[in-house]
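Here's a friendly walk through a protein model. Have a look at the sequence and the 3D view, then read on.

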Amino acid sequence: MFHSTVDLKAEILRLGFQSVGVSKAVALDKEAHQLEQWLNKNYHGDMSYMEHYFDLRIDPTRLMPGCKSVIVLTLNYYQDQQHSDNAKISRYAYGSDYHKVLKNKAKKLHQWMMSKYGDIQFRAFVDSAPIMERVWAEKSGVSWSGKNTLSITPQIGSYFFLMCILTDLEFEYSAPIKDFCGTCKRCIEACPTNAIHQDGYLLDASKCISYLTIELRKNIADEFSDKMDNWLFGCDICQEVCPWNSFAKKTEEEEFNTRDFIKRDLDYWLELEEESWNTISQKSAIKRTGFEGIKKNARFLKNQMSKQKP
Ligand code: SF4
Ligand code: SF4
């Protein structure tokens with residue numbers, strides 16, 4: 001039985017999400033081939049977890065047997081405050097850790113869906129399982145994948161989190177939307193490490209500053225020393241230059257209110273003690289680097305500044 005999405009969408013918007021789309025759960029054959037090529041080129045760098053659970057990653061019906069639909073939700077995190085100039089932090093980490101915020105909302109949605117549809121299968125994923133969120137966002141008509149490989153919506157741009165929900169319910173499915181990148185190449189031209197392929201839609205993540213400052217456990221290679229553009233945690237350049245982000249609106253989610261550390265300069269991070277790190281990184285996405293990781297990034301930026309001094 002195919003359910004209408006009218007009530008579901010209304011409830012999802014009531015919970016504070018900005019958009020929702022529903023797609024039939026099918027194996028991603030074309031994307032499986034693309035993922036295989038991407039991994040073969042080692043574009044994932046040291047993120048070996050990307051190689052794991054390949055079969056589950058490309059097929060939600062294997063990830064959750066009985067799965068019929070993928071529901072995709074977006075949650076805006078945009079804040080207009082600016083980070084410090086010499087120790088930049090990516091906007092997604094300005095407030096509280098999004099995992100918990102999204103999971104809490106998912107719990108409420110699950111309760112609502114059980115009260116409406118009865119005993120259903122329901123699993124919510126936020127970065128926590130092998131699932132190709134951006135592909136599902138595209139298929140469900142929530143967003144298109146831009147040349148910078150990020151999901152973009154015409155309403156709010158790309159500063160949002162994605163959550164995928166797998167369920168055994170069937171719905172009336174949404175159609176994909178158009179790719180509105182057109183002839184624009186701003187993100188490709190602005191990327192300081194040339195991580196985006198010259199024709200777009202393909203990212204060498206091993207060159208991306210987000211990977212170098214968050215995922216890479218080793219030291220950052222010298223070849224990037226004049227390319228970091230003062231990013232301490234993550235990088236937003238290909239979002240900042242994207243014209244669709246002129247439609248970004250400040251989030252209404254209080255949990256994403258900006259924390260003080262975004263304004264701290266490089267000296268603060270260089271001098272930071274582990275005890276203070278434990279306090280400021282609590283319930284924050286910046287925790288992912290660990291204390292040693294954030295210090296490593298800070299030292300790399302400091303060395304870069306010293307080299308640039310005449
Ligand atoms: S996040 Fe920064 S380094 Fe990564 S692709 Fe975008 S502009 Fe390039
Ligand atoms: S900057 Fe231009 S090309 Fe890049 S994602 Fe945005 S619209 Fe697309």
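This is a predicted model: local features need pLDDT of at least 70, side-chain atom pairs count only at pLDDT 80 or more; totals for chains, interfaces and linings use all residues.

You'll find Y201 in the loop that runs between α7 (186-190) and α8. Its phi is positive, at about 65°, even though Y201 is not a glycine.

Now for Y53, which sits in the loop between α2 (29-40) and α3 (54-57). Here too phi is positive in a residue other than glycine, with a value near 55°. Y53 counts as partly exposed because 14 C-beta neighbours lie inside 10 Å. As background, most residues other than glycine have a negative phi.

## How the two domains meet

The protein splits into domain 1 (2-171) and domain 2, and the latter is made of two stretches, 186-244 and 261-308. Their C-alpha centres are 24 Å apart. Where they touch, 33 residues of domain 1 are in contact with 37 residues of domain 2.

On the domain 1 side of that contact, β4 (88-89) and α5 (98-117) are the elements that each give two or more residues. Sorted by class, this side has eleven nonpolar, 15 polar and seven charged residues.

## The largest nonpolar core

The largest nonpolar core has 83 residues, and the members that touch the most others are V72, Y77, M163 and C164. Strand β8 (residues 160-167) supplies the largest share, with seven residues. Both domains take part: domain 1 and domain 2 each give at least three residues to this core. In general, nonpolar side chains tend to be buried together in soluble globular proteins.

Which residues does M163 touch, leaving aside those up to four places away in sequence? They are L73, L102, A106, A124, F125 and V126.

## Around ligand 1

Next, turn to ligand 1. The residues around this ligand are N148, C191, T193, A195, I196, L203, C208, I209, S210, C235, I237 and C238. Two elements, α8 (209-215) and α9 (237-240), each give two or more residues to the shell.

What is the make-up of that shell by class? Nine of its residues are nonpolar, three are polar and none is charged.

Note on methods:
Residues are numbered from 1 along each chain as its sequence is written. Chains are lettered from A and ligands numbered from 1 in the order in which they are written. A nonpolar core is a set of buried Ala, Val, Leu, Ile, Met, Phe, Trp, Tyr and Cys residues joined through C-beta atoms within 7 Å. A residue is buried if 20 or more other C-beta atoms lie within 10 Å of its own, exposed if 12 or fewer, and partly exposed in between; C-beta atoms are placed from the backbone. Helices (H or I, at least four residues) and strands (E, at least two) are DSSP runs, numbered from the N terminus. Domain bounds come from an automatic or database domain assignment. Two residues are in contact if their C-beta atoms, placed from the backbone, lie within 7 Å. A residue is near a molecule or strand if its C-beta atom, placed from the backbone, lies within 6 Å of it. Ala, Val, Leu, Ile, Met, Phe, Trp, Tyr, Cys and Pro count as nonpolar, Asp, Glu, Lys and Arg as charged, and the others, Gly among them, as polar.
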